[in-house]
Amino acid sequence: MGEKVIDILRHSNKTLCSFELLPPLRGDDIESIYATLDPLIEFKPPYINITYHQEEIVYKEVQSNLLERRSIWKRPGTVAISAAIKYRYNITVVPHLICGGFTREETENALIDLHFLGINNILAVRGDPDIESKIFKPEKGGHKYTLDLINQIGNMNKGIYLDDDLEYAKPTNFSFGVAGYPEKHPESPNMKSDLHFLKKKVEAGADFIVTQLFFDNSKFFRFVELCRNEGIDVPIIPGIKPITIFEHLQYLPKTFNIDLPEELVRKILKCKSKEKIRQVGIDWAIEQSRELVRSAVPVVHYYTMGRSDNIRKIVEAVF
Ligand code: FAD
């Protein structure tokens, strides 16, 4: 079994860095994951996160004016990639597990696979709503909220499976983290309500929180303060993503419900080339990370989005 993230955090006396990877696009091979991770592994991350991606429904024109509804799973393979990384680099892995697209039975099967593979850390999230309807629809017989998903994991840790007639019902040993939102989850009516449900996830056994990306550290520090005031006492890990392209100015606020600081926007608007924008993104993330390290956060979690050249420069400058 891999070391538990919560134990790694408890035993560390300095800020660590962790990386979040995406499974390769369908058709690509696992070498692309290694190519992203190889340049980062020398920084000795204590663990690696691997995201989970749901199938998407697309409409493909098969004849003129005739559309066919198809289900496409663009980035399959989270469980297999997690195991491959764990054994290739001898490192702890944290696959993400989502509610969307899973029945309870499928969730149980995924957890059994992870358990057999010796993977005992999970980041449990709900998954995003469908792009068109913007409303999250759970699978029939699946979980509506992450809270329900972590209750199922908690039950398995007690040896409670869906079928209560099993001859052997051995307890699993999962530790799980959940997501937190310094600028509020987009569907939450207000921060108070979001924190109320975040606290419920912690009371249900979440060992740590990883935050949505943000570009203004004061929002993160305020979020930590609000969490502590609510009695949420688990480690809170800030999530950092460097801006890489001009389009992020609109895409990131719209997708993640976050604000971009005026100074950052001003700097990007002044850039005359794609390279300069990428550099502004790197420099901003370095400054953010340095301040977070000075404030003694347990880990800085980097969203790689499948590219590591910029993340490498940031980590090299900070750690
Ligand atoms: P929940 O905790 O279920 O919360 C969703 C909303 O419902 C919130 O507004 C919350 O306040 C409210 N709520 C929660 N519980 C209840 C309740 N019992 N009753 C009423 N309201 C409630 N997406 C992926 O598809 N794959 C990934 O790998 C992935 N990784 C992520 C990693 C991190 C660190 C973060 C921050 C996000 C990630 N996401 C991922 C995105 C995530 O799935 C979305 O942000 C999703 O919209 C919400 O997930 P959640 O776990 O916070 O949901």
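The charged end of arginine 88 sits over the ring of tyrosine 34, 3.7 Å from its centre (CZ of Arg or NZ of Lys within 6 Å of the ring centre and within 35 degrees of the ring normal). This is a predicted model: local features need pLDDT of at least 70, side-chain atom pairs count only at pLDDT 80 or more, and totals for chains, interfaces and linings use all residues. Residues are numbered from 1 along each chain as its sequence is written, and side-chain values use heavy atoms, with hydrogens and water left out.

**Aromatic pairs**
- The structure holds 7 aromatic pairs (Phe, Tyr or six-membered Trp rings with centres within 6.5 Å; planes under 30 degrees apart are stacked, over 60 edge-to-face, the rest tilted).
- Tyrosine 34 and tyrosine 89 pair edge-to-face, because their planes stand at 70°, with ring centres 6.1 Å apart.
- Tyrosine 34 is buried at 8% relative accessible area (buried is under 20%, exposed over 50%, partly exposed in between; 1.4 Å probe, protein chains only).
- Tyrosine 89 is buried too, at 16%.
- Phenylalanine 214 and phenylalanine 220 are stacked: their centres lie 5.3 Å apart and their planes meet at 10°.
- Both phenylalanine 214 and phenylalanine 220 are buried.
- Ring pairs join Tyr52, Trp73 and Phe102 into a cluster.

**Ligand**
- The ligand is surrounded by 23 residues (a heavy atom within 4 Å).
- The closest are Tyr52, Thr146, Tyr181, Asp194 and Lys201.
- The shell divides into 10 nonpolar, 8 polar and 5 charged residues.
- A backbone N or O atom of glycine 127 lies 2.7 Å from a ligand oxygen atom.
- For serine 188, a polar side-chain atom lies 3.0 Å from a ligand oxygen atom.

Methods: Polar contact = N/O pair within 3.5 Å; in protein donor to acceptor, adjacent residues only side chain to side chain. Nonpolar A, V, L, I, M, F, W, Y, C, P; charged D, E, K, R; others polar.
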